[in-house]
Amino acid sequence: MTEDPEKSELDYALLSVWRQALLEGKKRVHLSEGSYPVQHTSKNKLSQVDFDFLGQRIRGLEQNPATGSRWAELARKGAKVMQFLIGGRYIAAVADGKITHFSRTKKRDR
């Protein structure tokens, strides 16, 4: 079985954004496609990064530990968790360097 090269490129980008924003505390994240500011949400001061990947705008959002999700539980236990969205839909999460992809309801046309 061969790995989907687009998925591995996406994984690299997600891990890079997560590492730079949450582990290294950078004010800007740098990807091959550009440099993007790390902003903070007004209410909870969570890290947020909007970046481009292969023509799509992706948002990385630090997990709010005050919510009731399993991701929040990990964050409360000290894990560095960032969720990633495209167009308001969650596509993946990175928790302490491990990526979890969320499946879509429809298969993508190829």
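This is a predicted model: local features need pLDDT of at least 70, side-chain atom pairs count only at pLDDT 80 or more; totals for chains, interfaces and linings use all residues.
Residues are numbered from 1 along each chain as its sequence is written, and side-chain values use heavy atoms, with hydrogens and water left out.

The accessible surface of the protein chain amounts to about 7400 Å², and carbon and sulfur atoms contribute 50% of this area. Of its 110 residues, 37% are buried (under 20% relative accessible area, with a 1.4 Å probe and protein chains only). The chain contains 2 helices and 7 strands, defined as DSSP runs of at least four residues (H or I) and at least two residues (E), respectively, and numbered from the N terminus. Their order from the N terminus is α-β-β-β-β-α-β-β-β.

In soluble globular proteins, nonpolar side chains tend to be buried together. A nonpolar core is a set of buried Ala, Val, Leu, Ile, Met, Phe, Trp, Tyr and Cys residues joined through side-chain atoms within 4.5 Å. The largest such core comprises 22 residues, and Val17, Val49, Phe51 and Phe84 have the most contacts inside it. Helix H1 (5-23) gives the most to this core, with 7 residues. Contact denotes heavy atoms within 4.5 Å. Beyond its neighbours within four places in sequence, Phe51 is in contact with residues including Leu14, Val17, Leu31, Tyr36 and Phe84. A second, separate core has 6 residues, among them Trp71, Ala79, Val81 and Ala95.

Notes
Buried means under 20% relative accessible area, exposed over 50%, partly exposed in between (1.4 Å probe, protein chains only). Accessible areas come from the Shrake-Rupley method with a 1.4 Å probe; for residues, only the protein chains shown count as cover.
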